[in-house]
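Subject: Structure handover

Hello,

Here is the structure for you to look over. My notes follow below it.

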Amino acid sequence: MKRIKLTMAFMMLLQLAFAGGILTNYNQSAQYIRMLSRNASLDVDAVFYNPAGLIKLNDGWHFSFSSQTIWQTREVTSNFPLLMNDHDNYYEGKTFAPVFPDFYGVYKKNKWAFSLGVGPAAGGGSAEFENGLPSFEIPISKLGSGLGQLSPLFNSYQIPSVNGYSIDMSFEASSIFWGIQLGASYAINDMISVYGGVRVMPSINTYDGTISNISVLTSQGNLPADNYLALVKPVLDGTINSIDQASSGLQAAIGAGLVDGNASVSNPEILQLLGAFGITDVTNQEAVYAMEATNLKLGIIRDADVTDKEVDSKQTGIGFTPIISVNISPNDDWNIALKYEHRTTLKLTNDTKVDDMGLFPDGAESRNDVPGLIAAGVGYRGLDWMEVQLSYNYFLDKGVDWGYNVRYNAVGEAVHREIDKNTHEVALGLQFNLTDNFALSVGGLYLSNGVAESFHSDFSYNNGAYAIAGGLEWKITDRLTFDAGLSQIAYQEEEVTFLDPDIGNYTDIYGKNAFMFGAGVSVSIF
């Protein structure tokens, strides 16, 4: 079989959230990469994590710029029995984001702080699957298997038998949902401060791809699938016509009482037709059903669309996220932070040049909302040598319509992607101050998702995860700080059962892992 190549970064089909909820990118600073817990931050990255806490900065200007490099591996193992390939039904996707930038700016004066933040709120990566994905290969595997099962029929007409298939695919896509956050913080008193703001989210997805060179492997070599189907079409037409006549005649005879529907088939012509497809020992009524089902399958094979296909489309849209935050500092040692982000209503519109696959009709609109979020953090700074941060995030996934799965149920109906419970994660970060200017940090995180089995497919799946992190902080001067860190995310495998209308139950196993490196500088102008 030829190698199937697939490159994609589908935000709607292949979600690429690196840290956080199903869609939300929560890895928004180098400090986060080295600690994994920043919800009670009182540094410049509090623009994202704890905007009400910006009141604790010194009066003046504060800026921060950081970037991350992200590697993610996605692993799919399919037990669909008709797949025939040279990689044991294992599909590995390599996701790479060389630059993942974040910028924050704050102006603090007395009781007010005005802030700006810019970063990838969702998406921002790409994935390359050198062996494709099962969802693309399964329909072709069914065609190859169906043609192979018809070999006895074709051989009687001197048509070579089919024993495999091949296909070439290439998809290139990009997806980026930018977050541009503006807001103001106000100190009610020395203990309590509040924040109100909005994140503007301009979003762009682009898709370019082809499916081509669909071939069947026969006893006489590799033949283009459309040529082979043209060769067998007269045979299939004649067989379908014969079965249709026999089925209609038998049903009419049963209805007229001329034949007992519960009796075994005795008509030699019908026995021969059924025997050609391995159907034996059935009643007359069962024979009618079997012939109708056989004709349906023969018609699907005969009318299979195996022509080359192309897609060239862009989706654009813009969303708005209202954000409120409260920071409570009962004393200099403790800090408590709360934040609420409303669901982002995001509508994307297709600008399509070519859509042979029927995925992106020109001008069509689709929703791709980002879930709301409730975040809480507690920080303790009562020891000169150590800082502790505890963070908790509750992603409101159930408030979003996640659309339909790319896989269908046993009767060919679209399956709605469901959420059983909202995603939550808890993280603990520790910073050890070795000197006044230098610190090391470690962090750990646990994420528990609540997606139902109907949510998962090889295009888009969501796993629970554990993560660890480590890094450093170097205060080069009182006004210039350098941060760097590493994070490793290990996702739990998800085993999902699908019910295929042709072969019954089978399972897919989905896994992934990610590694992130981040570095950045912060500067203050007093």
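Where is the place of Ser161? Ser161 sits in the loop between H4 and S6. Helices (H or I, at least four residues) and strands (E, at least two) are DSSP runs, numbered from the N terminus.

Before the rest, two notes on the source. This is a predicted model, in which local features need pLDDT of at least 70, side-chain atom pairs count only at pLDDT 80 or more, and totals for chains, interfaces and linings use all residues. Residues are numbered from 1 along each chain as its sequence is written, and side-chain values use heavy atoms, with hydrogens and water left out.

Ser161 counts as buried, at 19% relative accessibility. Buried means under 20% relative accessible area, exposed over 50%, and partly exposed in between (1.4 Å probe, protein chains only). Leaving out residues up to four places away in sequence, Ser161 touches Ser151, Asn155, Leu217, Thr218, Ser219 and Tyr228. Contact here means heavy atoms within 4.5 Å.

Gln158 also lies between helix H4 (151–155) and strand S6 (162–187). Its phi is near 65 degrees, a positive value in a residue other than glycine. Gln158 counts as exposed because its relative accessible area is 69%.

Cores

The largest nonpolar core has 56 residues. Such a core is a set of buried Ala, Val, Leu, Ile, Met, Phe, Trp, Tyr and Cys residues joined through side-chain atoms within 4.5 Å. Leu147, Phe154, Ile211 and Tyr228 have the most contacts inside the largest core. Helix H5 (residues 225–255) gives the most to this core, with eleven residues. Another core lies apart from it, with 32 residues, among them Ile33, Phe48, Tyr104 and Leu445.

Tyr228 is worth a look in the viewer. Its contacts include Leu147, Phe154, Ile159, Pro160 and Ser161, not counting residues up to four places away in sequence.

Strand pairing

Two strands pair if DSSP finds at least two bridges between them. Strand S2 (residues 60–78) has two antiparallel partners to note. With strand S3 (residues 90–109), S2 pairs over 17 bridges. Ser66 has Asp102 in S3 as its bridge partner. With strand S22 (residues 504–525), S2 pairs over 18 bridges.

The loop between S2 and S3 holds Asn89. Phi of Asn89 is near 60 degrees, again positive in a residue other than glycine. Asn89 counts as buried because its relative accessible area is 15%.

Now S9. Strand S7 (residues 192–218) and strand S9 (residues 309–328) pair in the antiparallel sense over 20 bridges. Pro202 stands opposite Ile318 in S9. S9 also pairs with strand S11 (residues 347–355), antiparallel, over six bridges. Gln315 faces Asn350 in S11. S9 and S10 are antiparallel too, over six bridges. They form a hairpin with five residues between them. Ile324 has Tyr340 in S10 as its bridge partner.

Salt bridges

How many salt bridges does the structure hold? There are 17 salt bridges. The criterion is a side-chain nitrogen of Lys or Arg within 4 Å of a carboxyl oxygen of Asp or Glu.

- Lys108 and Asp59 meet at 2.6 Å, N to O. This pair links distant parts of the chain, 49 residues apart: Lys108 in strand S3, Asp59 in the loop between helix H2 (46–49) and S2. Lys108 is buried, at 6% relative accessible area, whereas Asp59 is partly exposed, at 31%.
- Glu341 and Lys339 have their closest N and O atoms 3.0 Å apart. Both are buried.
- Glu365 and Lys347 meet at 3.7 Å, N to O. This pair also links distant parts of the chain, 18 residues apart: Glu365 in strand S12 (residues 365–367), Lys347 in strand S11. Glu365 is exposed, at 52%; Lys347 is partly exposed, at 45%.

Surface patch

Trp334, Ile336, Val378, Leu390, Tyr392, Val426 and Leu428 make a nonpolar surface patch of about 560 Å². Patches are made of residues with over 30% relative accessible area and no salt bridge; like charges are joined within 9 Å, nonpolar side chains (Val, Leu, Ile, Met, Phe, Trp, Tyr) within 5 Å. Areas come from the Shrake-Rupley method with a 1.4 Å probe; for residues, only the protein chains shown count as cover. Strands S10 (334–341), S14 (386–396) and S17 (423–433) each supply at least two residues of the patch. Val426 is in S17 and is partly exposed, at 37%.

Best regards
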